[in-house]
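Thanks for asking me to look this over. My notes follow as numbered points, to be read with the structure open beside them.

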Amino acid sequence: MRYIRRMPSTADDWSTRHSVLTNARRAAALVNALTGEHPDPGEVAEVLYAYGESGTIDLTPRDLAEMRTAAARLREVFAATDADGAATALNRLLREHTGPLRLTSHGGDSPWHPHIDHDDEAPWGAWLLASSCLALTVLVWDRQRPPGRICASPSCPDVFINQGSGPDRRYCSRRCATRERVAAHRRQQTEAAPR
């Protein structure tokens, strides 16, 4: 099984840092970092830096609460089992939480690129939801299947982007896949043992 790692930030390659796939992976990483009652603002900021954000990131409790709400809504897209389900979830999010498609260069600080948040100064939660919806929408459009999944391991809540031409992955990492394979093997041996 092939697992695609998160692409490291490349400061001099804007198109790589802001590709659809990178934005989708950032969405999954942020959903994972924001899972739980009290996400660590430092961990969330680390994810943002790893995916190309620059400058000082000072996340307030309100920012984290709004981002957690956005992450919970995005989790619905990752829970979809087929393209129809992913498209339905994305269409609802796009209709209820985003603005019209527009191009921005952030006042000339970056190359022109699409945004669907309401403005360049949108709060972190609105930005997370809009930018993630845009990337995940393009992946559904391009591949005609859900853009990702929730890990099949009962002990892991993580989401991941499912890419590649082979069969769909079931687990977020090799560690989860191995843990579940070992557990299944142990169950089989216990069941096969003479009593």
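1. Is H106 buried, partly exposed or exposed? H106 counts as partly exposed because its relative accessible area is 27%, where buried means under 20%, exposed over 50% and partly exposed in between, using a 1.4 Å probe and protein chains only. You will find H106 in the loop between β1 (102–104) and β2 (113–115). Its phi is near 50°, a positive value in a residue other than glycine. Most residues other than glycine have a negative phi.

2. A word on what you are looking at. This is a predicted model, in which local features need pLDDT of at least 70 and side-chain atom pairs count only at pLDDT 80 or more, while totals for chains, interfaces and linings use all residues. Residues are numbered from 1 along each chain as its sequence is written, and side-chain values use heavy atoms, with hydrogens and water left out. Helices (H or I, at least four residues) and strands (E, at least two) are DSSP runs, numbered from the N terminus.

3. Let us turn to helix α2, residues 20–33. Its end C-alpha atoms are 20 Å apart, which agrees with the 20 Å that its 14 residues should span at 1.5 Å a residue; the expected span is 1.5 Å times one less than the number of residues. Eleven of the 14 residues are buried, so α2 is largely enclosed by the rest of the structure. Among those buried residues are T22, N23, R25 and R26, along with A33.

4. One partner of α2 is helix α4 (residues 61–79). The two helices pack at an angle of about 120°, with their axes 9 Å apart. Axes here are lines fitted to C-alpha atoms, for helices over the stretch in contact, and angles run from 0 to 180 degrees between N-to-C directions. That angle makes α2 oblique to α4; angles under 35 degrees count as roughly parallel, over 145 as roughly antiparallel, 65 to 115 as roughly perpendicular and the rest as oblique. On the α2 side the contact (heavy atoms within 4.5 Å) is made by A28, L30, V31 and N32, and on the α4 side by M67, A71, L74, R75 and F78.

5. Another partner of α2 is α6. Here the packing angle is about 130° and the axes are 8 Å apart, which makes α2 oblique to α6. From α2, the residues V20, N23, A24, R26, A27 and L30 meet W127, L128, S131, S132, A135, L136, V138 and L139 of α6.

6. The contact is made by A83, A86, L90, L93, L94 and H97 of α5 and by L129, C133, L136, T137 and V140 of α6. Take T137 in helix α6 as an example: T137 touches L90 and L94, not counting residues up to four places away in sequence. At 28% relative accessibility, T137 counts as partly exposed.

7. How many aromatic pairs are there? The count comes to one, where rings of Phe, Tyr and Trp (its six-membered ring) pair if their centres lie within 6.5 Å, and planes under 30 degrees apart count as stacked, over 60 as edge-to-face and the rest as tilted. The pair is W124 with W127, and it is edge-to-face because the ring centres are 5.4 Å apart and the planes stand at 90°. W124 and W127 are three residues apart in helix α6 (residues 124–143), so about one helical turn separates them. W127 is buried, at 11% relative accessibility.

8. Finally, some loop residues to look up. Q144, in the loop between α6 and β3 (148–150), has a phi near 55°, a positive value in a residue other than glycine, and is exposed at 56% relative accessibility. S155 lies in the loop between β3 and β4 (159–161) and is exposed at 53%. S155 touches R179 and E180, not counting residues up to four places away in sequence. S54, in the loop between α3 (41–50) and α4, is exposed at 62%.
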